Amino acid sequence: MAFRKRNVGIAQPGSSPSSIEITEKKSIPGVRPSPLDGRPTTSTGTHSLDNLLAGHAGLVLGTSLLIEESGTTDFGGALLRYYAAEGILQGHQIHVFGMNEAWGRELPGLGSAESSRSAKKETAADDKMKIAWRYERLGEFGVGARDRTVAPPSATSSGSAGTFCHDFDLSKRLTLPSTTQMQFVPIITRPNLEFATLDSNKSPFNTFINHIANYLSNSSSNTIHRVIIPTILSPALYPPHASRPEIVLQFFHALRGLLRKYPTQLTVITTLPLTLYPRSSGLTRWMELLSDGVLELSPFPSTSVATKSAPGVTTVQEEPPQGMLNVHRLPIFHERGGGGGEASGFGNDLAFTLSRRKGLVIRPFSLPPVEGDSEAQQGGLESDHGKATKVDIEF
Amino acid sequence: MASRIPPLLEPYLSLPPETSLILLTSVLGASTNWLVLRFLHSILAPSEGNPDDDTKVVFVSFMRDLVFWKENGRRIGLDLDKLAARKKFAFVDGLSGLFLPKQAADSRVAPPQTILKSPELQNVASQILGGISQIKAAASGKVLLVLDQLDLLLATAGDKSDVVALGEMLLELRESVHATVMTVSADYPLVSEQRTSLESNHAEFLMGIAHQADSIMSLRLLDTGTARDVSGVIRVTQGSHAVSESDGSSKRTEEKEVLYFVGGDGGVKVFERGQ
């Protein structure tokens with residue numbers, strides 16, 4: 001009897017709620033419990049972004065991310081496409097605001113490496129220690145954003161769980177299985193009659209909020225919804241009055257209300273052009289306060305990238321970073337007060353690189369060794385007592 | 001045990017004297033949620049063992065729902081459901097129904113909470129007053145009003161926002177309760193430049209409250225960057241009224257600046273610099 005009891009205890013280490021979650025959520029593809037507290041999480045479609053989110057190893061359902069980007073690049077848009085493509089592959093319902101079907105045709109397709117690598121993994125797995133088999137599919141938990149070569153969780157490692165985050169190839173295109181899985185809600189800038197004047201008191205966001213609320217209330221509790229709002233408030237898409245605080249902040253507040261109302265079904269990612277709405281403005285700050293997670297992408301000017309990848313440096317396998325990533329707020333983590341999440345990259349210098357096969361990779365920023373540095377070092381050694389040192393110092 | 005009230009903050013988290021206003025300010029990344037929960041705990045928890053203590057709390061939250069507060073309250077041993085059943089705690093929800101379409105907001109309204117349906121100040125005031133009078137009717141006792149991020153009303157009202165009217169509403173609410181605790185965002189962009197009406201309104205509101213407040217606890221991130229074992233800085237300052245009153249209440253208004261760290265398990269450590 002005592003022997004049996006102990007056996008049960010071993011089968012469910014840690015907190016019991018998390019193991020309950022596992023059995024419950026197994027039926028929903030693309031959702032797994034957080035290793036921290038067992039909340040259901042889903043993947044953003046980008047491995048290193050999943051690992052950044054305060055140790056939850058995924059975007060916790062019922063939370064939102066605001067991705068801010070300065071300049072004219074569209075790295076945030078790439079993140080959104082991965083997020084959408086991941087949702088398509090997992091069979092989640094996707095709602096895109098302000099874009100048309102063409103956006104959906106540009107989603108990245110599955111990388112070809114996916115199948116071959118998982119086969120390779122199977123043999124590699126035999127050599128591994130078997131102790132933490134339960135956590136293996138969580139991938140690089142605790143590693144943070146340091147490195148992603150540890151390999152993403154593969155479908156083979158835990159059988160029924162399925163792949164949590166796929167690998168995509170930007171040069172391929174994902175074929176949409178059905179048109180109903182991806183909903184495009186247009187921004188209505190004009191009333192039906194072209195000549196009628198624009199009603200500047202009507203929020204362009206109302207239709208979208210109604211749309212999501214309708215879908216959520218009518219769908220079963222097993223459907224996961226992903227809401228995508230590309231370049232919110234960009235004048236190319238939105239009418240001018242949309243950026244009035246009452247309209248856009250009410251929209252963010254309503255979204256937050258929906259997220260809290262359906263804490264196991266909904267995630268939202270929004271991108272915001274920072275050049276138009278700088279972080280020093282009160283409006284942007286309120287949008288940040290109303291979002292659960294805030295990330296800022298600051299791409300480097302393209303010239304600096306070109307000079308770094310000069311020929312001759314063959315030892316550097318890593319691609320030069322394309323920009324810096326600042327974490328201003330993380331879901332759950334900062335809502336509780338911040339702290340205790342060593343795995344998060346909060347406060348670190350993070351850089352990102354977007355490549356065709358690996359997608360967007362976030363890793364700690366470090367300056368590459370300067371070219372011709374060895375010569376300078378030699379010179380420094382030779383003239384240790386000489387005058388050259390003085391010259392070196394006085395540059 | 002670490003989850004209980006940090007000893008350094010204990011004198012500041014007891015029930016404030018009558019008619020006082022306590023302001024808690026937050027910035028992005030340094031939220032006041034843990035502090036509010038500790039406030040609730042220090043005020044509501046003693047009453048569990050002692051039936052004579054009849055302090056009650058009316059909690060209005062504009063940014064977070066009851067589920068969040070319940071979940072994190074449970075971590076520090078605060079059972080809000082039980083307190084609500086004993087009419088010691090009432091929740092006014094300013095998130096779920098404020099700007100959502102009616103049909104989406106209708107379903108499932110749990111009894112201990114009131115859901116605000118319209119951002120009109122009159123409606124908000126009457127709903128909160130309704131909550132206060134309800135909890136007063138249940139049993140006599142002091143009522144503490146906690147207003148979490150009332151500044152949201154100001155930000156989402158746009159051109160119609162009226163700082164004076166909001167201040168008047170606040171005075172009206174304060175008249176009917178023993179004391180009030182408020183949390184307001186004090187981010188630099190919201191109060192410094194004041195180029196837009198959103199910013200200037202916010203600054204005006206915050207300054208007005210800060211001058212009325214008897215004590216201010218402001219949270220911010222470390223000025224020198226981030227650290228692994230520090231979440232932020234908490235600074236306690238006394239309000240302009242407190243200086244003139246040189247009585248026994250000097251203990252709670254001692255000015256202080258300490259560091260805090262919120263652990264992964266929800267426990268909070270508060271310590272002096274260098275400790």
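User: Leaving aside neighbours within four places in sequence, which residues is B:M182 in contact with?

Analyst: This is a predicted model; local features need pLDDT of at least 70, side-chain atom pairs count only at pLDDT 80 or more, and totals for chains, interfaces and linings use all residues. Residues are numbered from 1 along each chain as its sequence is written, chains are lettered from A in the order in which they are written, and side-chain values use heavy atoms, with hydrogens and water left out. B:M182 is in contact (heavy atoms within 4.5 Å) with B:L21, B:I22, B:L23, B:L24, B:L147, B:L150, B:L170, B:F205 and B:I209.

User: Why is the pair B:R64 and A:E335 called a salt bridge?

Analyst: The rule asks for a side-chain nitrogen of Lys or Arg within 4 Å of a carboxyl oxygen of Asp or Glu. Here the closest N and O atoms are 2.7 Å apart. So the pair qualifies. Across the interface of chain A and chain B, the rule finds three salt bridges.

User: What makes up the contact between the two chains?

Analyst: Chain A gives 40 residues and chain B gives 47. Together they bury about 3,800 Å² (accessible area, 1.4 Å probe, lost on being put together, summed over both), 57% of it on carbon and sulfur atoms. In chain A, A:H253, A:W286 and A:R336 lose the most area to chain B, together 20% of what that side buries.

Methods
Buried area is the accessible area (1.4 Å probe) that two parts lose on being put together, summed over both.
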